[in-house]
Amino acid sequence: MIRLERVTKTYPKAARPSLDNVDVAIDKGDFVFFIGPSGSGKSTIIKLLLREITPTKGRVVVNNRDVGSMRSWRIPTFRRSIGCVFQDFRLLPNRTAYENVAFALEVIGRSQSVARRVVPEVLELVGLGGKEHRYPHELSGGEQQRVAVARAFVNRPLVLLADEPTGNLDPDTSIEIMRLLDRINRTGTTVVMVTHDSNIVNQMRRRVVEIESGRIVRDQPRGVYG
Ligand SMILES: Nc1ncnc2c1ncn2[C@@H]1O[C@H](COP(=O)(O)OP(=O)(O)OP(=O)(O)O)[C@@H](O)[C@H]1O
């Protein structure tokens, strides 16, 4: 489903690579935490998977596509096939919860009647039934992240990428968000999550890939933060 094959990424003007000969394979339905110190290269992996950047060497494969050599006109469609959740939620501030989720359907050309059926279902799934018409500023941080998760999941992506999704949330709210990601993973969606949150990693006991200075130093099934 996802493969990094001997991937090196050196940013322009950088003295040393941010990722150095990284090999990792993630199967369909896996749940993987990427952990490591600040600056170790975790977000660089997410950016490579989304084709926000290209590798300096090696191959990045997502959903059987060589992402590095993908033609630029294919990139928007490719990105829409991946669900994304970020630390800062990234909701549209002047759209309601319903509209934020419906927007993800609109951009792939789904009709409003599909949205009217599907969006309430997904908002219900993430525990926001009854709050469809709230704007982001009328929701708590945890609720905003639930909207972001609903938006990431509404197209039933094969892969969901989460970059520090609990970074702005308190411990209890973080656990609730993790329950949602776990539920989504159990529907067969591959989940790749970057995190600093040791409690979450230790509670979930899923695969842990640890990076240090751009290299994988540990890859452990049912791992702990360490
Ligand atoms: N656009 C860029 N240009 C030059 N260097 C960069 C760029 N983006 C990241 N880097 C460098 O690459 C290295 C890895 O950065 P990355 O953002 O992947 O780390 P991270 O593990 O996600 O860190 P954090 O946990 O702090 O978010 C760092 O040394 C960073 O300074």
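**Exercise 1.** Work out which residues surround the ligand in this predicted model, and how the shell splits by class.

*Solution.* Start by listing the neighbours: Tyr-11, Ala-14 and Ser-18 are there, along with Gly-36, Ser-38, Gly-39, Ser-40, Gly-41, Lys-42, Ser-43 and Thr-44. Next, sort them by class: you get 8 polar, 2 nonpolar and 1 charged residues. Tyr and Ala count as nonpolar and Lys as charged, and Tyr-11, Ala-14 and Lys-42 are among the residues around the ligand.

**Exercise 2.** Check the span of helix H5, then decide why H5 is described as largely enclosed.

*Solution.* First, the span: H5 covers residues 141-153, which is 13 residues. From first C-alpha to last, H5 reaches 18 Å, close to the 18 Å expected at 1.5 Å a residue.

Now burial. The cut-off for "buried" is 20 or more other C-beta atoms within 10 Å. In H5, 11 of the 13 residues are buried, so the helix is largely enclosed by the rest of the structure. Among the buried ones are Glu-143, Arg-146, Val-149 and Phe-153.

Last, find the partners. The buried residues of H5 pack against strands S6 (82-86) and S7 (159-163), plus helices H3 (97-106), H4 (112-125) and H6 (171-186).

Note on methods
Residues numbered from 1 in each chain as written. Predicted model: local features only at pLDDT ≥ 70, side-chain atom pairs only at ≥ 80, totals over all residues. Near = placed C-beta within 6 Å. Helix = DSSP H or I, 4+ residues; strand = E, 2+ residues; numbered from the N terminus. Expected span 1.5 Å × (residues − 1). Buried ≥ 20, exposed ≤ 12 C-beta atoms within 10 Å, placed from the backbone. Contact = placed C-beta atoms within 7 Å.
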